Every structure is written in structure tokens, then in C-alpha cells.
Amino acid sequence: MGDVSDSGSTAPQSTTGGRARPPSVDSLAQSLAPSGLPHGLLVDAARAAIAAGDPGSAAERAAAMERSLLRPVINATGVLLHTNLGRAPLGTAAPGGTGAGGTAALRYSNLEFDTQEGVRGDRHTHAGALLARLCGAEAALVVNNCAAAVTLALGALAAGRGVAVSRGELVEIGGGFRVPEIVAQSGARPVEVGTTNRTRRQDYVTAVEAGDVALCLRVHQSNYRIVGFTEAPAVGELANLDVPLVVDIGSGLVDEACQWLAGGPPPWLRGEPAARQTLAAGADLVTFSGDKLLGGPQAGIIAGSAESVARCARHPLARAFRAGGLVLETLQSLALTYLHRRGDDIPFWRLATRPVAELRARAESLGVGEVCDMAATTGGGTLPGVEIPSAGIVLNGDRAAALRDNDVPVVARVAGQRTFLDLRTVDPADDGILAAAARRACGA
Ligand SMILES: *Cc1c(COP(=O)(O)O)cnc(C)c1O
């Protein structure tokens with residue numbers, strides 16, 4: 001980055017037609033200081049503005065730079081796990097604030113230190129142990145995302161050998177996760193069984209008996225459904241083959257019983273595979289994302305038998321894929337919240353389970369637009385076609401750009417020249433900002 005401490009280093013450009021000399025880069029950058037951006041970035045903006053022959057554009061360039069940074073947005077799309085908006089919403093509770101006895105200004109941690117013995121510890125013993133308990137697993141390992149979890153599990157258990165997988169489960173999940181490619185990347189060889197719409201236990205048996213199959217892989221279809229003349233074996237039917245069963249459930253529902261929700265499992269969750277039940281049915285390992293229905297940060301979790309999890313942990317890719325301390329602290333806090341059965345303290349579940357009457361009442365009190373019932377979705381490649389009753393407001397016309405232009409950008413949905421603001425995904429604390437943005441977007 002250019003270091004422009006001496007404003008004299010920018011030679012004043014000669015001007016024609018009696019126009020004023022452009023300001024020096026440094027003085028222009030100084031004038032942008034109230035933006036709060038570091039000086040070096042303001043120098044870049046000033047320099048670009050002067051180079052473009054338009055010094056007056058420096059402030060807008062600095063503002064554009066600021067807008068390009070990560071910052072909070074209000075998600076009024078009604079898509080709870082919006083892939084473009086960071087999937088699961090994260091709360092601001094300090095790590096340790098849910099019972100781990102942490103202090104607010106935690107700077108060092110015992111990430112890899114055994115405080116009892118004073119020797120090197122293992123980063124997988126904290127969040128990993130709690131997540132294992134949550135899933136009813138012997139052990140669990142946290143990596144960077146679910147794609148890494150599947151790659152590692154297959155690499156550790158099946159490299160150089162075959163992985164039996166149904167032709168109906170050779171899916172692509174958004175953002176480049178393609179099952180055949182992941183299997184190949186792990187060093188294993190896909191052994192396709194069954195057909196696109198129907199696969200039976202016997203298809204897996206035949207593949208296992210025919211040759212060098214290290215494990216059977218089931219993949220949750222996640223973002224699409226095959227309906228009609230379809231068949232797939234239950235997890236339990238594949239549990240007693242001669243090879244281990246790995247199930248990529250993807251979505252990260254930890255337990256069908258949803259004991260962390262006072263009202264029990266919401267009806268729209270029906271049929272979604274859960275880690276605890278999949279393991280209880282006999283899967284050796286399950287893999288899932290941290291930032292889908294689990295409601296945490298981006299992460300991938302491998303949970304299951306102690307032996308298989310240990311094999312994953314020993315694999316060289318485990319080092320490359322491992323989660324960092326910030327993610328592990330957040331997941332630990334999340335796991336404790338689940339174990340406390342405080343679903344309302346998990347932003348995703350709090351938003352997902354608000355009664356629709358409450359959303360309607362909030363929509364009324366916004367005092368702008370037309371109150372309207374809506375259908376929210378979980379999104380993020382989960383529960384395709386499943387709608388969660390919701391409510392919000394509708395504005396006439398396409399107001400999306402004006403709403404995004406708000407200080408805190410508001411992301412809405414536009415259909416048929418109407419703009420829909422769904423309150424299912426909006427923190428009630430943001431209602432005032434949302435109402436003001438809506439009023440401004442409508443030119444009021
Ligand atoms: C979402 C998903 C993935 C990918 O998860 P990431 O955490 O985004 O890597 C893999 N498998 C299934 C079944 C999924 O639903």
C-alpha cells in the first residue's frame with residue numbers, strides 16, 4: 001500500500017482553462033478522515049479520484065470501499081438460511097456466556113492446552129465432545145465445512161477403495177459441492193448403485209460383495225426431492241452390511257425430538273434426517289454443516305464411532321481442514337445452549353419458531369406498507385418446497401435497490417412489481433430501522 005506521508009510528493013498537476021489545481025492526495029485523504037477508514041485506504045480513494053480527474057469523487061469512492069466491507073444487513077427475504085447472507089444468523093453473545101464460565105474479554109484460551117496436567121491438549125475435546133453428546137455419538141470432530149467433513153471422512157475410511165453410493169444421491173449442493181467429485185477428491189472411487197429414482201438394500205449388498213468397497217455413503221438430497229415412483233432403503237437397513245455406513249445429512253438437525261424447543265418439533269421439519277436418530281439407526285458416521293439447521297457458524301461436523309472419528313482426526317487432511325478457535329468457541333457456546341434446552345437463545349430457532357400472529361402484530365405496528373401473510377423458507381439447500389407461515393409488509397413497486405441503499409442494507413424480495421418484507425427473518429430489535437428504510441424507499 002502506498003505510503004503518502006509527504007503531501008509534496010504529489011506534484012500539482014498543471015491545469016488548463018483556469019481550473020483550480022487538484023488537491024494533493026494527502027490533503028484529500030485527510031479530508032475523508034471522518035469516515036473512520038484507515039489512512040492508507042483513504043489515500044487509495046484519493047489517488048484514484050485524482051487519477052480519474054475527478055477529486056470530488058473521493059468521498060464516494062471511500063464510501064464505496066466501506067460498503068464493500070463485511071457488515072450487518074437486515075434479511076427481510078423470509079429465507080432463514082440465506083446463502084448470500086451468511087446462512088444461519090449469528091447472535092452476539094460472548095463465548096462462554098451460556099454456562100462455560102467464560103469472561104467477556106477472553107484473549108487466550110485453552111484451545112490446545114490441558115490446564116489440569118499443564119501439557120499440550122487437543123482442540124477437539126471441547127466443542128467436539130459437547131457436539132458428540134448432543135448427537136448421542138461417541139466422538140465428534142469439527143472441520144471447516146460439511147464439504148470438508150465428507151472429504152475427510154471418505155479420505156480417512158476409503159482412500160484407494162470403492163464408496164458405494166446411490167445414483168439418486170449423486171447430488172450437487174449449491175456452490176460446487178458435487179458428490180462424485182468429492183468422492184474422487186478424497187482419493188476413493190465412486191461405485192454407483194441402484195437407479196436415479198429407486199435404490200434398494202440389495203443394490204448395496206451386491207456392490208459390497210462384488211469387490212473392494214470400503215463403505216456405503218448415503219447423501220441427503222437436501223435441496224431437491226424425487227417424488228413418485230421412488231424407493232430408498234432406511235438407514236437401519238444398511239447398518240448391518242459388512243462395511244461402515246457414512247451418512248451425509250448436510251442440514252445439521254441434531255435431534256428429531258427438538259428438545260431445545262419448548263413447543264417440540266415444528267410441523268415443517270417433518271422428515272428431515274437428524275444426527276441422533278441416524279446414528280441410533282446404525283450409521284457409523286454422520287456429517288453435517290454448522291451453519292444450516294444447527295444454527296451456528298460455518299463449520300462441518302463429523303460425529304459417530306470413536307474409532308472412525310479418530311481415524312478422521314489422524315488423517316493429514318484433518319490438519320488442513322480443522323476449525324479455528326473462534327469457530328470452536330462459538331460452537332461450544334451453541335452446544336451448551338442446546339444442552340440447556342434454550343432454543344430461544346439460538347437465533348435461527350428463535351426466528352424460525354415465532355408464532356405468525358406475533359409477526360402480523362409487528363407488521364401492523366411498522367405503520368408502513370400493506371400487512372400481508374407470507375411463506376418463509378429455511379433455504380440454504382434445506383427442506384425444498386417446505387413453507388413456514390409468516391407475515392410482513394408489501395410495498396408497491398420494486399423498492400429493492402432503495403432498501404439496499406439504507407445505512408444498514410435491507411434485503412427484500414420483489415415479485416410482480418411489489419416488494420415483500422418478510423418479518424420471519426428480521427430481529428424485532430431491527431423493526432424501527434426496517435420501517436424507516438421502507439418509508440424512505442417509498443419516498444415518504
Ligand atoms: C449443504 C450440504 C453440504 C455442503 O455443506 P457445506 O457446509 O456448505 O460445505 C454437503 N452435503 C449435504 C447433504 C448438504 O446438504
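Trainee: Why is Glu 237 called partly exposed?

Mentor: In this predicted model, the relative accessible area of Glu 237 is 38%, and since buried means under 20% and exposed means over 50%, a value in between is called partly exposed. Glu 237 has its place in the loop between β9 (213-219) and β10 (245-250), and its C-alpha atom is separated by 54 Å from that of Asn 406, 169 residues apart from it along the chain.

Trainee: What makes Asp 291 count as buried rather than exposed?

Mentor: Asp 291 has a relative accessible area of 7%, and the cut-off for buried is under 20%, so Asp 291 is classed as buried. Asp 291 lies in a loop, the one between β11 (285-289) and β12 (300-304).

Trainee: How do you know that a polar contact joins the side chains of Asp 291 and Arg 87?

Mentor: The contact between these two side chains is 3.0 Å, and a pair of N or O atoms has to be within 3.5 Å, with one able to donate a hydrogen and the other to accept it; the pair of Asp 291 and Arg 87 is accordingly listed as a polar contact. Leaving aside residues up to four places away in sequence, Asp 291 touches Arg 87 together with Leu 81, Ala 88, Gly 296, Pro 297 and Gln 298.

Trainee: Which residues meet where α2 and α3 are in contact, and what is their make-up by class?

Mentor: From α2 come Leu 41, Leu 42, Ala 45, Ala 46, Ala 48 and Ala 49, and they meet Ala 58, Arg 61, Ala 62 and Met 65 in α3. By class, this contact has 9 nonpolar residues, no polar ones and 1 charged residue; Arg counts as charged, whereas Ala, Leu and Met count as nonpolar.

Trainee: What can be said of the protein chain as a whole?

Mentor: The protein chain has 15 helices and 17 strands, and buried residues make up 45% of its 444 residues. Among its contacts with a separation of 6 or more, 69% are between residues 24 or more positions apart.

Technical notes
Residues numbered from 1 in each chain as written. Predicted model: local features only at pLDDT ≥ 70, side-chain atom pairs only at ≥ 80, totals over all residues. Heavy atoms only, no water. Helix = DSSP H or I, 4+ residues; strand = E, 2+ residues; numbered from the N terminus. Buried < 20%, exposed > 50% of the residue type's maximum accessible area, 1.4 Å probe, protein only. Contact = heavy atoms within 4.5 Å.
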